[in-house]
Amino acid sequence: MKNFLCLVLSLFPLWAFSQAGSDIAPVKSLLINNVQIFNGKDEKTITGNVLVVNNLISKISTAPIPVNRSGETIVIDGKGKFLMPGLIDAHMHMVLAGSTLSQMQNGEVGAAFIRAGEEAGNVLQRGFTSVRDLGGPSFGLKQTIDAGVIPGPRIWPSGPMISQTSGHGDFRNINQRPVSLGGCLDHSEQIDAALIADGRDAVLVAARETLKRGASQIKLCAGGGVSSVFDPIDVSQYSEDEIRAAVEAAADWGTYVTVHAFTPRAVNKAIAAGVQCIEHGQLLDEATMKLMGEKGVWLSIQALDSEGREDFTAEQKQKKADVANGADAVIKLAKKYGVKMAWGTDVFFNPAINKNQNTYIAKMGNWFTPYEVLKLITSDNARLLALSGNRSPYREGALGVIEVGAYADLLLVDGNPLSDINVMVDYDKNFVLIIKDGKVCKNTIR
Ligand SMILES: [Zn+2]
């Protein structure tokens with residue numbers, strides 16, 4: 001990573017940002033000539049040129065765009081390659097992904113955050129310019145990335161996942177009492193990976209506290225989990241009224257609640273309470289998918305591997321397989337009922353597979369055409385990000401699209417993912433130009 005940044009800095013001293021967050025002047029304008037433009041929405045591409053001024057797209061034209069001769073415009077020859085919006089992952093855990101569970105719970109906190117910072121740079125190098133963080137202490141990471149201290153994607157943070165005692169976000173061991181019964185905060189709660197709250201009043205406080213810290217949406221655990229030890233996958237968590245408390249707190253701040261849930265019981269309760277997005281949902285039935293379509297509730301889906309982590313118990317491995325196998329039927333039902341879908345990877349506590357993030361894009365090709373996949377990971381995911389309203393941290397321009405006024409978050413691909421989605425997998429080789437917020441983060445065009 002360090003070597004790569006040095007290379008970039010030496011090649012493009014005016015536009016690259018340094019690892020130390022120096023005060024190098026931002027680019028005034030950047031012209032990318034001769035590219036095949038996929039705008040994130042339309043299947044048909046156009047061959048043309050794109051002008052970026054500061055951090056926004058200022059002009060898109062099939063005709064040559066005149067260059068500012070003062071030397072303030074950097075011109076890049078795109079050589080006919082495929083320009084698309086930067087990728088969006090709608091379900092990540094930016095801090096939890098950098099460590100194993102044991103490293104997070106038993107290791108030095110500082111080490112976990114440094115690993116997360118290093119991994120944030122890797123996420124950007126995989127072409128992801130925006131991510132929604134669905135649980136974990138990501139506020140500080142977001143702030144340091146936004147300030148240019150370290151490279152990384154834009155982050156829509158949820159902050160700690162809010163969980164009931166015994167729920168998916170309860171990381172305590174079997175002998176630890178909950179705080180409300182005289183116990184101490186668990187390490188996961190101390191570092192804001194999770195926030196355990198039981199009862200309407202406590203859920204209200206938890207949601208309000210998380211919003212105060214800068215959450216762009218509230219993440220609540222409403223049902224059993226794969227990776228959590230004590231909650232079987234079939235259980236539902238939180239009463240309807242507890243969930244509604246979080247929904248009210250979020251609505252007062254102009255944003256929404258999304259829940260971790262797999263089963264019809266958990267999801268129907270969440271929908272009744274006013275939840276607008278379901279994370280996972282791989283065990284849902286037809287009636288629930290139909291209801292989600294009717295109510296306009298989002299499904300944030302993942303194409304998981306069926307094998308579990310090395311540290312999983314046999315029971316956890318079985319849960320993972322059941323969930324992974326459920327995706328096929330659920331995605332087909334979601335398409336049948338016109339459910340709004342977003343896509344994410346949800347990899348955490350397994351740093352060895354972080355580098356596979358882009359393989360999950362190709363896996364979506366099992367259910368979607370390459371065009372549908374590209375739209376899903378750009379403009380569709382951006383529509384879900386927009387659900388945060390005024391709590392969205394980045395509201396200056398549109399995201400997930402190439403259009404005038406949109407953020408200049410761009411990816412130049414060597415190959416045509418509209419004809420072969422597998423081009424997205426080898427990001428190191430095929431992503432030859434990555435631009436975030438108008439700044440070049442990678443350029444290997446040759
Ligand atoms: Zn997750």
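Domain bounds, as used in these legends, come from an automatic or database domain assignment. The structure is a predicted model, in which local features need pLDDT of at least 70 and side-chain atom pairs count only at pLDDT 80 or more, while totals for chains, interfaces and linings use all residues. Residues are numbered from 1 along each chain as its sequence is written.

View 1. The assignment gives domain 1 (2–86 + 400–443) and domain 2 (87–367), and their C-alpha centres lie 31 Å apart. Where they touch (two residues are in contact if their C-beta atoms, placed from the backbone, lie within 7 Å), 17 residues come from domain 1 and 18 residues from domain 2. On the side of domain 1 that touches domain 2, strand 17 (431–436) and strand 18 (439–443) are the elements that give two or more residues; strands (E, at least two residues) and helices (H or I, at least four) are DSSP runs, numbered from the N terminus.

**View 2. The surroundings of L83.** Leaving aside residues up to four places away in sequence, L83 touches I32, V35, Q36, I37, F38, V50, G78, I402, L410 and L412.

**View 3. The loop that holds R395.** R395 is found in the loop between helix 12 (370–385) and strand 16 (410–413). The C-alpha atoms of R395 and E240, which are 155 residues apart along the chain, are separated by 32 Å.
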